[in-house]
Amino acid sequence: MTPLGVWPGAAYPLGATYDGAGTNFSVFSEVAEQVELCLIDRAGGEHRIPLDEVDGYVWHAYLPTVAPGQRYGFRVHGPYEPSRGLRCDSSKLLLDPYGKAFAGTFAADATLHTFGADTLGHTMTGVVVNPYFDWAGDRAPRRPYHETVIYEAHVKGLTMTHPAIPQRLRGTYAGIAHPAIIDHLLSLGVTAIELMPVHQFLHDRILLDRGLRNYWGYNSFGYLAPHHEYAADPRAGAAVTEFKAMVRALHSAGIEVILDVVYNHTGEGNHLGPTIGLRGIDNAAYYRLAEDDPAHYMDYTGTGNSLNVRHPHTLQLIMDSLRYWILDMHVDGFRFDLAATLARELHDVDRLSTFFDLVQQDPVVSQVKLIAEPWDVGEGGYQVGNFPGLWTEWNGKYRDTVRDYWRGRPATLGEFASRFTGSSDLYEATGRRPGASINFVTAHDGFTLRDLVSYNDKHNHANGEDNRDGENDNRSWNCGIEGPTDDPEVCALRDRQSRNMIATLALSQGTPMLLHGDEIGRTQAGNNNAYCQDSPLSWMDWGAAQKYADLLTFTRAAFALRHAHPVFRRRRFFDGRPGTLADERPGTVSDERPGAHAGDIAWFTPGGTEMTTADWNTGFARSLAVFLNGEAIAEPGPRGERVRDDSFLLCFNAHDAPLEFAVPGPEFGAHWTVALDCSTPTGRSDATYPAAATVAVPARCLLVLRRTDSTPISR
């Protein structure tokens, strides 16, 4: 297997780059005294090639005979002095930080953890990939945030039990590309699928010892490689082509692809973790080390280490990875796990840190969807509302407030109104719009929606940690009985609570995110930290779709209502004042439009009077109504046109008893029809009401009325 020649090659691009004739190999290490490229043959043997060319600490060579499919790794010779943060060990076959594909498995023994133990045959290897792919004219949907509906999903969990997907495609990228999945997403009104981590990751040894696996994948080490276990094609490197085909299929349906990325730490863990790549290549460059004890790592993530975003080559790795996924893999955005960690220049979180400066200035990365999980586990890590203007954020305050409101906690009306209308208190000061708020009630981390209304407490015993793991304060309510029950009243209440929260999510200003399976009652049996449960406990149970067919119908109806009416997805925040209409500019002639002189929003007590400061401050109040004026949308459409819509009255009753709501007087509209009724299994109702009528809204129920007359609104 000796190559015919070794050419000097080039320092950039980093990694293994096939150009149609041969492959350039390049790796950064400032601490190395010598680096060897190791080509692995089919029998598992290696051929070592010294990389004698070094430019700016980048070691490189070009091999004219190396083609896609070749497996490889690096050996780095240098100092091993952990007390100084130096951990070179030439016995370790190290993985390429820029590897685009990986093959093999990690051995479940001590080899990866032991200094001087050779890891050839005990570790994964990099794979040279073919970069050429027929994209067939693929174009990014580039959907604006106010038209976006995100569906958070797991590649395996979403597809593993779907009866229409062939067995060999279940749990894979090809499974997501299957028409059965795409049709389901489209039926929900989903415009973007947010995939839980697909960067190549490893399974923690402690989990493997318990017979478990790192199901969620928040243990990355290959930032340019799609995880190989999610490929239906078992050939080395096939995951790259299969991932691209998935993106192409989703794009052809108008669905964007967002990746959940973990640039805050790697799977190498703390000082006792395995040496598989960055640790052995240049430990001090890639990781945050404790300043007073460089043998140990700073840990802002709760996973053992934190990437050193203060180092230029670490920043380069992150930025190169992001650009690769955009330019080569055609993804449309990223959700950054524990993003506050990336903002830690020194100790404190700094939203103007170097990483965010680079993103802001990058002509590629700055143009896609950038979503922050705006917290980490370090001091001062909760940063909701504090990210730069280019970013959107998972709005944890939205989640907490909506949960509290519907479980009947007092003193939440003002907070609820703010979250429902886009959280201007969090985002407007930085020049952001409602779309900056990624609204969610449930996500992968925590209870599913069905469990949120079925359990007061977590039930994580299956994780093997004596139920100590996972969040203790879930803001959940079991509706009277813990866990499964046949009690008809409890079951009916749980169903209604589920509909309330789905409808609230669908009709709130901002960008909604739905957790996969919530639309068909997915349960994890009360496990709120199923990160290690690669089993039916976590997989989406498509067999439950029939049992929860009404909930699926309701979810589709709620998001269809959002899509049909721009009043629920405004680009700008409400201001409570009459809109400035495009056909009422100075010097133009305007006819009297319905709603032209009314405010864009108004809040009412159930009795029909407009809310006062005293009403907002009533701690026990759990009910209110909001009028959304479709004729007072000030922002123009995409071509500068006037945006008109129907007007709506939303009656929120989180009280434990039915309430009579007064429909506003004729100045707000003469006739109203039910558009969505959370008290019915599918949300349908044919009821209509005249102005000033009273409407009976059941306990714990949201009722949505649509104005159906065309008389002018005058206030």
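Helices here (H or I, at least four residues) and strands (E, at least two) are DSSP runs, numbered from the N terminus. Before you start clicking, note that this is a predicted model, in which local features need pLDDT of at least 70 and side-chain atom pairs count only at pLDDT 80 or more, while totals for chains, interfaces and linings use all residues. Residues are numbered from 1 along each chain as its sequence is written, and side-chain values use heavy atoms, with hydrogens and water left out.

**Stop 1: Leu-86**

Select Leu-86, which sits in strand β9 (residues 86-87). With a relative accessible area of 13%, Leu-86 is buried (buried means under 20% relative accessible area, exposed over 50%, partly exposed in between, with a 1.4 Å probe and protein chains only). Now show its contacts, meaning heavy atoms within 4.5 Å. Setting aside neighbours within four places in sequence, you will find Val-31, Pro-79, Tyr-80 and Glu-81 in contact with Leu-86. For a distance label, pick the C-alpha atoms of Leu-86 and Thr-172: these two residues are 86 residues apart along the chain, and the atoms are separated by 39 Å.

**Stop 2**

Most residues other than glycine have a negative phi, and most peptide bonds are trans. Go to Tyr-12 and Pro-13, where the peptide bond is cis, with omega near 5°. Pro-13 lies in the segment before β1 (15-18).

Next, select Ala-136, which has a positive phi of about 55° although it is not a glycine. Look for Ala-136 in the loop between β11 (125-127) and β12 (150-153). Its relative accessible area is 60%, so Ala-136 is exposed.

Then jump to Arg-700, another non-glycine residue with a positive phi, near 45°. Arg-700 is in the loop between β30 (694-697) and β31 (701-707). Is Arg-700 buried or exposed? Arg-700 counts as buried, at 12% relative accessibility.

**Stop 3: α9 and its two partners**

Two packed helices are described by the angle between their axes and the distance between the axes. Axes are lines fitted to C-alpha atoms, for helices over the stretch in contact, and angles run from 0 to 180 degrees between N-to-C directions.

Colour helix α9 (residues 396-406) and helix α13 (residues 488-507): they pack at an angle of about 140°, with axes 11 Å apart. α9 and α13 are therefore oblique to each other (under 35 degrees counts as roughly parallel, over 145 as roughly antiparallel, 65 to 115 as roughly perpendicular and the rest as oblique). To see the contact, show Tyr-398, Val-402 and Trp-406 in α9 with Gln-497, Asn-500, Met-501, Thr-504 and Leu-505 in α13.

**Stop 4: the nonpolar cores**

A nonpolar core is a set of buried Ala, Val, Leu, Ile, Met, Phe, Trp, Tyr and Cys residues joined through side-chain atoms within 4.5 Å. Which residues touch the most other members of the largest nonpolar core? They are Phe-334, Phe-336 and Leu-650, out of 173 residues. Centre on Phe-334: leaving out residues up to four places away in sequence, its contacts include Ile-258, Leu-259, Trp-325, Val-368 and Lys-369. Finish at a second, separate core of 17 residues, with Tyr-145, Leu-338, Ala-436 and Phe-440 among them.
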